Amino acid sequence: MESKGIKIMAKNRQVYHEYFVEEEYEAGIELFGTEVKSIRAGTLNLKDSWCGIKDGELFVNQMHISPYEKGNIFNKDPRRPRRLLMHKQEINRLYGKVKQDGYAIIPLSVYFKNARVKVAIGLCKGKKLYDKRQDAAEKDAKRQIDRAMKERY
C-alpha cells in the first residue's frame with residue numbers, strides 16, 4: 001500500500017490474527033487540527049479500536065490519538081469517538097451485514113493520502129480457536145520450508 005502519496009502511520013496487525021477480513025474500505029475521518037499534528041508525529045494506536053454505526057453515521061471508537069504536546073487548550077479527549085466519512089449507501093450496506101451476518105467493522109490502518117488522513121476499515125468475521133491454530137501451523141510450516149531452502153543454498 002506504500003505507493004505514491006500514501007504514508008502509513010499505524011497498522012492494526014492483530015486484526016488479521018483475530019478475524020477473517022472479508023472486504024476492505026477506505027474512509028475519511030473527521031479530526032481537529034491538533035489531532036492531525038499528533039498523527040503526523042506518529043502518536044496513534046489502533047489496538048482495541050472498533051467501528052460502530054449510530055444514527056446512520058459511522059464512528060470509530062477506542063482509537064487512541066495522544067494529545068499534541070504544543071496543543072494546550074485545543075487538545076481533545078484521546079479516545080473520543082471520531083466520525084468516519086463514507087457514502088450513505090456504503091454505510092447502509094455495512095450496517096446490513098453487521099446486523100444480519102455477525103460481522104464486525106474494524107479499522108485496519110491509518111494513513112496519509114495526499115495530505116488527507118484516511119482510515120482503511122475491514123468488514124471482518126471472527127476466527128474460532130481452531131482457525132487460529134491452523135493459521136499458526138501454516139505460518140510455522142512456511143517458516144521451516146524457508147529455513148530449509150536457505151540452508152541448502
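Student: How far is the sulfur of Cys124 from the closest cysteine sulfur?

Tutor: The distance is 9.3 Å, to the sulfur of Cys51, and that is too far for a bond, since a disulfide is a pair of cysteine sulfur atoms within 2.5 Å. Keep in mind that this is a predicted model, where local features need pLDDT of at least 70 and side-chain atom pairs count only at pLDDT 80 or more, while totals for chains, interfaces and linings use all residues. Residues are numbered from 1 along each chain as its sequence is written, and side-chain values use heavy atoms, with hydrogens and water left out.

Student: And how many disulfides does a search of the whole structure find?

Tutor: The search finds 0 disulfides.

Student: Is Cys124 buried or exposed?

Tutor: Cys124 is buried, at a relative accessible area of 0%, and Cys51 is buried as well, at 8%. Buried means under 20% relative accessible area, exposed means over 50%, and partly exposed is in between, using a 1.4 Å probe and protein chains only.

Student: Which residues have the most contacts inside the largest nonpolar core?

Tutor: They are Leu58, Leu84 and Ile121, in a core of 26 residues. A nonpolar core is a set of buried Ala, Val, Leu, Ile, Met, Phe, Trp, Tyr and Cys residues joined through side-chain atoms within 4.5 Å. The largest share of this core, 4 residues, comes from strand S9, where strands (E, at least two residues) and helices (H or I, at least four) are DSSP runs numbered from the N terminus. Apart from this core lies another one of 7 residues, with Cys124 and Val15 among them.

Student: Switching topic, where does Glu30 lie?

Tutor: Glu30 lies in the loop between strand S2 (19–29) and helix H2 (33–40), and at 38% relative accessibility Glu30 counts as partly exposed.

Student: What is Glu30 in contact with, leaving aside its neighbours within four places in sequence?

Tutor: Glu30 is then in contact with Arg80, Arg82 and Arg83, where contact means heavy atoms within 4.5 Å. With Arg83 there is also a side-chain to side-chain polar contact at 2.6 Å; a polar contact is a pair of N or O atoms within 3.5 Å, and within protein one must be able to donate a hydrogen and the other to accept it, while residues adjacent in sequence count only if both atoms are side-chain atoms.
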